[in-house]
Every structure is written in structure tokens, then in C-alpha cells.
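Here is a quick tour for anyone about to set up calculations on this one. Have the viewer open and follow along.

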Amino acid sequence: MTGFTPAPPAAGCRNAPVLKERGQREVFCGLTGIIWLHRKMQDAFFLVVGSRTCAHLLQSAAGVMIFAEPRFGTAILEEKDLAGLADANAELDREVDRLLARRPDIKQLFLVGSCPSEVIKLDLHRAAERLTERHAPHVRVMNYSGSGIETTFTEGEDACLATMVPTLPKTDERQLLMVGALPDVVEDQALSLLAEMGVAPVRCLPAHRAAEAPGVGANTVVALTQPFLNETAAGLERRGARILPAPFPFGEEGTTAWLWAVAQEFGVSPETFAKVTDAPRARARKAIAAAAETLGGKSIFFFPDSQLEIPLARFLTRECGMTAVEVGAPFINKQIVGPDLDLLAEGPVIAEGQDVDLQLDRCRAARPDLTVCGLGLANPLESEGMTTKWAIELVFTPVHFYEQAGDLAGLFARPLRRRAILAGLEGAA
Amino acid sequence: MKLTVWTYEGPPHVGAMRVATAMKGLHYVLHAPQGDTYADLLFTMIERRNHRPPVSYTTFQARDLGEDTANLFKTSLHDAFDRFKPQAMIVGSSCTAELIQDDPEGMAATMDLGIPVIPLELPSYQRKENFGSDETFYQIVKAIARPIERTAHVSANLIGPVGLGFRHRDDIVEVTALLEEMGISVNVVAPMGAAPADIARMGAAHFNVLMYPEHAETAARWMEKNLGQPFTKTVPIGVGATRDFIAEVAGIAGVQPKADDARLRMPWYSQSVDSTYLTGKRVFLFGDATHVKAMARVARDEMGFEVVGLGCYNREFAREIRKLAKEFGVEALISDDYLEVEKAIEDLAPEMILGTQMERHIGKRLGIPCAVISAPVHVQDFPARYSPQMGWEGANVIFDTLVHPLVMGLEEHLLHMFREDFEFHDDAGASHHGGAAKARTVEAEPEADQEAAAVGAPAEGEIVWLSPAEKELKKIPFFVRGKAKRNTEKFALEKGVHEISVETLYEAKAHYAR
């Protein structure tokens, strides 16, 4: 791997002290992942067993409502369901029967637990087993929890994929398993790069359809594409698979390092690697350079949101010339983001968890040039004269691998460029 | 358990947030898990608010459940009090906290903070958002407002406007102007813009203007009884309703019903010949009860539409809406199930829908134009320009709103005349709406055996369109095709005809001519 990017820092952040906070959190719960998962898995339906709040969250988080018959819904618990769990189970069976009768194209059904269903201890695992038996072999029913008392935002996807792991067929085939629900365009690019290097076979989790579900076993090597897949990784290890440690494929450096880890594992020669990656690397660097003109020398502050914060801070500091002030993440698993922490130069506050009022105090005191935060905080901070990048866009936009590296940098540059353009526009917020 | 895809209303604590966020100097401590903070972004994004909603969430997690969630609540309450220094607080539970039964309302009562701490009981598994806003405002008023000396000059409170309301911001300006013309000043507007100290001054007004019964009717009734303030029953949306409102206010306040309607253009716009094509357009109304009620009158009496169906999603007003529907000779649809609403619209095949953002999507799916008249709202319902629904300017705005989605006068005629044109055809939609024009697809002639099948003996009570009649039906422009189909089938049924021919189609047309 030839180096175009700066040498690794003398001291990275792997062993930096972590500020752990516990207070009010301004984050989504894990149910939100359904918004992208239900589009990724084309024969799956996500049935949240929860309250009106859950339904309202999904509707609001979707922002633009997807009225093309969404493959998700909420079974809203009512007073009588709370009175007796036996009845709640009967009600659930009835709703599932009705749903599957109306949607014969559904092959995988996820019963998604919520805060209320967890608190009343509605056993969705048993319900899933019972319903799988009832609807076999046509539909497999699985369950996971997307509840706010257990999961933060992207942990919902992790919980969903983790629950699929034990159901995957066993295989002894030597294979690469690429894990994480990527946008189709990004997944196709990654697959084509790997194919050009001669890495084969490559399978994906999640697959588009139940019938295409990958196998897993002792000869499976796993490349994670998202940093929040902690439980899924643990589950795959229990099935005998091995997780490749690597920085995440954001930016030119991250993508190259990620691909190089795979290349080494599959015995790809440095010449082949260079032949396949040189051109896209150059393109990525060129695209990043355009945005780096805006980003260079600017400071950035991350509120916790998706667990993408550490790899993104690595990208923005090393490839775009930014300085990180604080990098907050809802949860930090050093085994998974360790390689990114190694590359992130010492200096920023690394924070785990959140007490939003205290963090806002720190952010206001630091006055960073750019603040990455959720939509609940973005406009209020903008009205105080701070420039923000709303975080969920990073999860809803194709940002992985070479061809998106420029777009990723652009997402951060745009708010700064916009503020500069509008500098002469006056009026109260 | 009820399977829900989209909801018209959120949970009741979101209603409480709409009150808290509209107010100043009030803080809401909500016992809730992480994730419930999603509701903040409704206000900061949809309404573009430049402040965080004044809500502290206790953010309990699974590991807290066995331990001390109650203590977490107490800490949050203290922290919020210290940090935000509110004049009053409201406290309550979200749906999950309701299940763990920590009784934050009871706990708050035992903590002496030296300010009013108002407990809210909002049953999440029975009630919804509008109940939450109405109940919250009522509890705040009940806790803080007391009888005080009336203002020397006749004055009124404007009650009901909240966060995320449909055009509430601009309605306040319009109603204030209507009152000022009669020499009546506004004492307090609440919840929007009011601090708890303002709530304490509400008793000084001579009467209340109940702008939105959904959010303030219970408070209005309480103030009538305890502060001796009558309240208005007319919601001034539309020309007729605004005139009635002025008369009602004049009666309550004992002043002259003065009105300067120089800015009112709506009646002439509706009378001008350009609007003739609006006559008898079949419309379906759905939304919150207040807006549906007002707009039904506008639709029929001021636009000259035919109301073919109406309904509301808030069950609390079911009786009123049923009464209204009876008056209009249609059946009321009281439902919060959007699939049911879609079905009703599909069956009625109206030429236009006056609805919410949900109906806008239904309209898109069914190819029926839709004007939005009610919450639930979308970022588009908070335009930068002044855009009220109430008063004179409101009437002007409504005229524009109801005309814009339609195919306009001459264009409609041209579509009738040259519907086979390859680019100016049915499926292209209204030409002023943009979007890529679709070229007309030439339909293949039906297969002979299909024709034979259609002619085959129909089952008892079933109606079959013969192929030539079906083809003729397709020549009718899309915006009246639904009505033609429906009328013809109804006509056929009445006449005991099972097969619809071209002749049946035109006989029905003559029968229903108007």
C-alpha cells in the first residue's frame, strides 16, 4: 500500500481517556433503522410492537413519508393488551395473520420490540418461534429489539442483523462476507473493486432477498462496512467467522486501508491492488481536494449520533485538514473502531454517551467552525450563529468507498460554504 | 392491538409539547426513555424553530428499570429547574414511563420548588395528541389563572394557537386585526407566546376567542365557569364565518359589529366568470373537525363546490361532524385509519380533496388534486409569507389554495376537445404544475376473447362495462371520469341494467345533467 496520506500519528486516540457521560440524550432509538432496512431487504416486513409514539417516530423520522405501501408498520398496544399478556399474544398472531394474508410477497417478518413491549415483557422471541412454525415454510419470523431503553439509532440495524446470524446456513466455503446495509450503488462499487482484485466469492449481509442469504462458517472472513455492528460481529464470531480489523471505508485513505486488509487476507499482489485502486484513488483525492479547500484549518465538534463519528473524524482530520475538538459517540467499541482511533491524532475529547445540556455548554464554549449534531439541535445552534451539519444525513446518503469520498467531504463543506454565501443576509432567526 | 401504517395524531405527550413549546417561561419534564427526543425535531425542523423545545427527558435505560428510575426523575426535575429557571413547570410520563408507574406527578407534588409544578395525566394507551394539548392547556390555566379585575377597556384573550398548528401564527394576526376594528384589544394570546405570568392575567379579559376548539375548549369552558368569561363559538374561517364571528363578538362585547373588508377579494374572485368552471366540482373533506367544519361551508357556499363526503380524525368531535354531514346530506367518516380514508376517497371518486398531508399523498396515488386545509402538518405548511386561514386575508388565501391544484378553465375545455393530443392529454396533469410531461401511450385494441368474456352472462347484481362503453369512458377527461363511471353504474343499477353500453353511458349523463 503506497502512502499518499500523512503518516499515522505518533500517538493515536486508542488509549486516550474517554469522557463517559450519563444524562439526557438527544438521539434516536433503534427503531429508526427500519427506515433504510425495509428498503434494503425487499421481501422483509418490519412490524414494530409498540405504542403510538413508535408509529409517530417512524413517520417523523422518515421525514418524507414513503407512501408507496411501506414494508413496515406498528402494532399499537392498547389498554386491553396491557391487561393480559395472553391476549396480547393472541392479538399479535391475529395481526400477523392478517398482514401476511395481505402481503403474500413477504418472506421475512421482523417483530421489532419497543420500549413498551420490553417493559411489559412481551416475549417476542417466543412469538417469533410460534409464528415461524405457523407460517413455515413460506415466511421466517424473527425478532429483535429497537427499543430506546436498549438501543441507540444505528444499534437497531446491528440488532436486526445480529438476529439473522443464527439463521444463516452453515458453509465451509472460503469466502468474504461484507456486512452492513449499504446503498445499492455503493455495494455494487465495492463488489466490483473486489472482483477486479480477484477476491471471490463475496457475499453480503443483509441480502436483498431471503433466498440470497449468505452462509457462514469457519472459513468466512468478515469485512464490516459500518462501525456500529458490534453484536452482529460477535454473533458471526460465534459462528466461527473471523472479523478483519481495518479502518472503515470512508475517504480515500479509509477505503484503501479497508480494501488492503481484504487484499492481504486473500493474497492479492501489491501490483494487482495498485492496478485496481490507483485510478479510483486518484479520483477520490481529486474530489476530496475540492471540498478540503473549504474544510482545511476548520474545527469540528461531534455530538453522538450514529457511531460513525470516530471514522469520520479520522477522515476529516487526515484527509480534509480539519481539527477535531470533541468526538462524541453513543457507544465506543475499541475492537471495532480501534484502527480508526489509531489514525486519529491525539487531542480531541473522546466522549461516550451524552448529557446534552453539558455537551452544549462545552460546544458553545469551544465555538467550533462546524458542529455535527441531530436535527433537534441543528436549527437552534444555527440561530446562535454556529454552523451545523445534521448527522442523520450521513446515514441516509451514499458515503462509503472511493467514488463517494468527494460527496462525503462535500456534505461537511456545504454548510460552511452556505454560511459564507449568505454572510450579507441579515434578519432575525 | 391495531396495525397502523401512518397516524394522524401522535401520542398525548406530543400534544403537551405543542403547548409547552408555544409558551415562554414554562418547562416540561418528561419521564421518558431515549428516543422520545425525536419529537424535538418536529418543532425545530417542520416549524423551523430556532430554540430547542423546553423539554427535559429523563432518558431512562433498561439497566435503570430494576433500580431507581424515580430518583432519575427527581434529579432531572431539579436540574431543569436550576438550568432553565422557569416560571412554572409541567411534569408527566410518556407511554413507557406510564407503564413503570413511578408517579412523577405525585413526586413533583412533594418537591417544593417555589414555582407551580403542574402534574399532567395523559393516558397514552387511550388518548392521542389533540387530547394532550387540550388537557395540558386546561391544567395550566386551572393551576394559574384566577379571577382578577377586568381591563377598563373591553378586551379578549385569543386561545388555542399552539406549536405545529395549521397557520396558527398568521391567524393570530388576522383575528387581532378583526377585534381591533371593533375597538377590542387583545389581553393575552395563549398558549402561543404566553408565559405563566400571562396566564395569571387571563382573568382580566372580558371574554375569550376560542380559535381552535381542539386545543382549548376545555380551558374555555373552565374559564367561562370560574372566571365568568363567555367564549366565541364561531371559527372565522371563510367569508360567511368571519361575518358571523364579527356579529357574535359584537353581541358578547356589546360593541358595534364594525368590519373593514376592503382587503377582501375572495367573493369577487369567486363570482368572476373565470371561476364558473368551479361550479359543482365534487370535493371530499378530511382533517381536524374545526377546519373541516369551516371549509365545508366555504366549499359549498363560497366556492360553489359540491361536498360529496367529509370526515375528521379526532373522535372527540365525532358528534359535531356527524351533524354537519347530515346537514350536507352525506355520510361522515370518523376514522384515524388512513387506509380507510383512502378507501372512502377511492369509492367516492371526488374531483378534489381538501385534506391533510396524508390526503395529499392519497390524492397523488389516485390522481386526484388535493389542497391542504388542516394539521397534521408538513414543512410546506409553514410558508415564509403571511398566509392565514382566518379573517379576510384568510378567505383570500383559501381561494388561491383551493383553485391552485385544479386544471384551470380553458385548459379544462381544451382537454375535452382534444383529449387525444399526444402531449396535451389526460395523464399529463395540470400544465402549471410542472413535472415531466408524459407522452400519451396508445392503448392496444382489446383481445377478442376479452371482449367475449365481457359480454358473458354477469353474476347477479354485478355490472359489466361493454368494451365500446369502456373505450368511450376513457375519452372523458380524468378529472371527471370517476364521477361519470360512478354515476353510470348507479344509473344502471337503478334501472336494473347489467351491461353498460355507450348508450347507457349517455343516458346516465342526461339523467344526471345539471
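Of the 514 residues in chain B, 48% are buried. Keep in mind throughout that this is a predicted model. Chain B carries 22 helices and 15 strands. Take the contacts in chain B between residues at least 6 apart in sequence: 69% of them join residues at least 24 apart.

**A strand with two partners**

On one count, β9(B) runs parallel to β10(B) (residues 306–312), and 6 bridges hold the pairing together. If you want a specific pair to click on, Phe286(B) has Gly311(B) in β10(B) as its bridge partner. To get from β9(B) to β10(B), the chain passes through helix α13 (residues 289–302) of chain B, and this β-α-β crossover is right-handed.

β9(B) also pairs with β12(B), residues 352–355, again in the parallel sense, over 3 bridges. Here Val283(B) stands opposite Met352(B).

| Strand pair | Sense | Bridges |
|---|---|---|
| β9(B) and β10(B) | parallel | 6 bridges |
| β9(B) and β12(B) | parallel | 3 bridges |
| β3(A) and β1(B) | antiparallel | 3 bridges |

**Where the chains meet**

How many residues does each chain put into the contact? Chain A gives 51 residues and chain B gives 44 residues. On the chain A side, several elements supply at least two residues each, among them α2 (52–61), β3 (72–76), α4 (85–102) and α15 (375–383). The largest share comes from α2(A), with 8 residues. Sorted by class, the side of chain A that touches chain B has 26 nonpolar, 14 polar and 11 charged residues.

**An annotated aspartate**

Now for Asp36(B), where an unreviewed UniProt entry places the feature "binding site". Asp36(B) is found in the loop between β2 (26–31) and α2 (38–46) of chain B. Is Asp36(B) buried or exposed? It counts as buried because 31 other C-beta atoms lie within 10 Å, and the cut-off for that label is 20 or more.

Leaving aside residues up to four places away in sequence, Asp36(B) touches Tyr57(B) and Ser94(B) as well as Thr53(A) and Gly148(A). So that contact list takes in residues of chain A and chain B, given that contact is defined by C-beta atoms within 7 Å.

**Two domains in chain A**

Chain A is divided into domain 1 (30–151) and domain 2 (175–265). Their C-alpha centres lie 28 Å apart. Where the domains touch, 9 residues of domain 1 are in contact with 5 residues of domain 2. Helix α1 (residues 34–40) of chain A gives the most to the domain 1 side, with 3 residues. That side of domain 1 divides into 3 nonpolar, 2 polar and 4 charged residues.

How values were computed. Residues are numbered from 1 along each chain as its sequence is written. Chains are lettered from A and ligands numbered from 1 in the order in which they are written. This is a predicted model: local features need pLDDT of at least 70, side-chain atom pairs count only at pLDDT 80 or more; totals for chains, interfaces and linings use all residues. Helices (H or I, at least four residues) and strands (E, at least two) are DSSP runs, numbered from the N terminus. A residue is buried if 20 or more other C-beta atoms lie within 10 Å of its own, exposed if 12 or fewer, and partly exposed in between; C-beta atoms are placed from the backbone. Two residues are in contact if their C-beta atoms, placed from the backbone, lie within 7 Å. UniProt positions are given in the numbering used here, feature names are shortened, and annotations may be inferred rather than shown by experiment. Two strands pair if DSSP finds at least two bridges between them. A crossover is right-handed if, with the strands pointing away from the viewer, the path from the first strand over the helix to the second runs clockwise. Ala, Val, Leu, Ile, Met, Phe, Trp, Tyr, Cys and Pro count as nonpolar, Asp, Glu, Lys and Arg as charged, and the others, Gly among them, as polar. Domain bounds come from an automatic or database domain assignment.
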